[in-house]
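Please walk me through this structure in plain terms, part by part.

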Amino acid sequence: MLKPLLTSLLILFAVIPGFSRDKEPQYVRIHPYKVMIDDSLCYQVRVGDNRPIVWEPFCGEFRNLVYREGYEYTALVGKYDPNADSMHVEKVLASSDTRMDIFHVEVLKRLMRQDFKAGKPIDLRSIDEQNQFMRVYPYKVKVNDSLCYEVEQVYAGDGKGIVRKEPFCGAFKNLEFEEGKEYTLAVEKYDPQADTIFVRRSISFPWVSKEALEEKAKQLRRKKEYSQGVFMKVHKERIKVNDSLCYQIRKRWGGRDTTAWEPFCGKFSNFLYEEGEEYALLVKEYNPHADTIFVIKKITRFSYNEMDKLKELREKRMRLKEKERNDTIRAIPVKRGKER
């Protein structure tokens, strides 16, 4: 009796730390600049100091944080989830003292002075001249039929009087531009109308990848689309109701849905029904008594054969899991007591 009790207590103590770790706040970084995804302005976030640096789009809201564009934040959040509608900030651990564009200018000046000390031909007088620092945004834009850089002039002073982004359709000399990274440049002359801008020194700062932006855009469109409709299911067979051939429908859809089927004797708009196939639909309004149900989107359909295949696959998975479980049990060595 005592041995099983001790075993249970040991398992319990082993599990408790796991639960407490799940509830611990998570350490996150918040990028100094937001990104526009479709019509939404989204944050860029990442977990702690992940390497390589990978930013993710977060289109929700931070609760308990006053965010200022241009400043990078380090914070503890209750749960890190870039797909959530909101993240609660437990504590702001740090934020940059100055705006990142000004900080990058100071870094460039320091690097250029180091280059001068190392014997490189740098004109120290030109380092502190105005209007020679600029930002290049991570993704190009289309202007007429040309792909152009998005650029902005950066001042080395207190950051007042920021110039808006403007296109530069020329070329950079002495810069290997990589999409997905923002660049701060020390240039000979800032002139977006020029054919070429000569780069003296550059530093880069990663942003959210193009693939992540595209995926998030799809999610946002899907979310917007789904919020404007209702999910429903259409049975694979129709039934007779008072001499009329009617559909069988039910609200919501899912594998465990047990909602009763209802007859619908109207018609579907924007949807072609095929007998013998079960459908999941997103509709504008679910109303079995309406003359017409407007279909926003066909989510999926299952034919007899497909449903049989899915059932067969599920049974196969269950058999494999059972076999693995039995093999594991057989593999566990059995300790036998010493014979007296």
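Which residues lie nearest the centre of the largest pocket? They are Lys-34, Val-35, Met-36, Lys-165 and Trp-207, among the 28 residues that line the largest pocket. A pocket is an open set of points on a 1 Å grid over the protein atoms alone where a 1.4 Å probe fits, with protein on both sides within 12 Å along at least five of seven lines; lining residues have an atom within 4 Å of a point. The model is predicted: local features need pLDDT of at least 70 and side-chain atom pairs count only at pLDDT 80 or more, while totals for chains, interfaces and linings use all residues. Residues are numbered from 1 along each chain as its sequence is written, and side-chain values use heavy atoms, with hydrogens and water left out.

Helix α4 gives the most to this lining, with five residues. Helices here are DSSP runs of H or I with at least four residues, and strands are runs of E with at least two, numbered from the N terminus.

By the rule that a disulfide is a pair of cysteine sulfur atoms within 2.5 Å, the count comes to three. One of them is formed by Cys-42 and Cys-59, with sulfur atoms 2.0 Å apart. Cys-42 sits in strand β3 and Cys-59 in the loop between β4 and β5, 17 residues apart. Cys-42 is buried at 0% relative accessibility, whereas Cys-59 is partly exposed at 23%; buried means under 20% relative accessible area, exposed over 50%, and partly exposed in between, with a 1.4 Å probe and protein chains only.

Another disulfide joins Cys-246 to Cys-265. The torsion about its S-S bond is about 100°, so this disulfide is right-handed.
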